[in-house]
Amino acid sequence: MVDFWPQSGGQTWRLIAQAVDDGRVAFNRACVHLEPWQIVSYTVSVAFLTLWFRRMMKSDRPISKRIRAAVFSAVRNIPWVKAQIEEEMEKARKDLEDTVHQFDRKKEFYKFLPEHGLPPDAILSEAEMYEAMGEYTFVDGRVSGVVYADHDDEHRKLLEKINITFVSYTATSLLRSFMFSIFAYSNPLHPDLFPGVRKMEAEIVRIVCALLHGGTSSCGTVTSGGTESIILACLAYRNRAYERGIRRPEMIVPVTAHSAFDKASQLLHIRIHHVPVDKNQRADIGAMKRAINNETCMVRVKSVEFLGSLR
């Protein structure tokens, strides 16, 4: 019989081989009572459990928070618990609607852009009606922490003058200046004091949802500018990814995308993958397709309306 083990250390290798063989025999003996389908089921279950554990460990969120979130989500999906939550949510929704609409006597809302634009006088009339909805005024000193400015006519006129000078003396700029003078001393964070501002915001959101073919469950918010809008959109996509079990979400954007996407990546812990563009500043569709994977939470695309496609 030919000895395949090396002269030096051969005994050690024989012991290792014997231990492995003994383990194989013991494992087969332990599984002798199992049927083939059971062995396959256990193997697949262990494989899925291993993959799930790896994904859990790769997440940036602490494992304790993820476990609590998973348990909470499971409890919420229990039928009778879900029914109780929906019942309480419906009560809260009804109370909220009654509260925010208590000053709106007409209860008529703009849900779509009108076919024909309104003249400036009609717009100002609507604005003044919205401004008059509230029954409280901070000028009397009966509210605290609402408007952080000196409310006097001289200050208001100065702001109006700066606003007109900064743009131009066109009909649109004059209308904007008048609108500014009406709502300069307001705060959307207090819809109970400024219900007209809240109503305008809700109508803007609903009009935009209609333009983008959003359903009745679509929603949104008015932001201070493009950067905040982009970051909030990324936040929504990230949270949806978390709900779908994606632990390390990733977004795909062209290299010409607005810098707010990189800011959102850092702030919200979203991995970002940049794809190149061609000489016409158009994203490489092939590279974008190849970059999509099972952890992609959003892909940034757009119709270009200004040079460079920076948004």
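A residue is called buried when its relative accessible area is under 20%, exposed when that area is over 50%, and partly exposed in between, using a 1.4 Å probe and protein chains only. The model is predicted, so local features need pLDDT of at least 70 and side-chain atom pairs count only at pLDDT 80 or more, while totals for chains, interfaces and linings use all residues. Residues are numbered from 1 along each chain as its sequence is written, and side-chain values use heavy atoms, with hydrogens and water left out.

**Exercise 1.** Decide whether F138 is buried or exposed, and state where F138 lies.

*Solution.* Begin with the location: F138 sits in the loop between helix 5 (120–131) and helix 6 (153–166), where helices are DSSP runs of H or I with at least four residues, numbered from the N terminus. Next, take the relative accessible area of F138, which is 18%, so F138 is buried. Finally, look at Y185, which is 47 residues from F138 along the chain, although the two C-alpha atoms are separated by 9.3 Å.

**Exercise 2.** Classify I67 by its relative accessibility.

*Solution.* First, locate I67 in helix 3. Its relative accessibility is 44%, and therefore I67 counts as partly exposed.

Key:
Helices (H or I, at least four residues) and strands (E, at least two) are DSSP runs, numbered from the N terminus.
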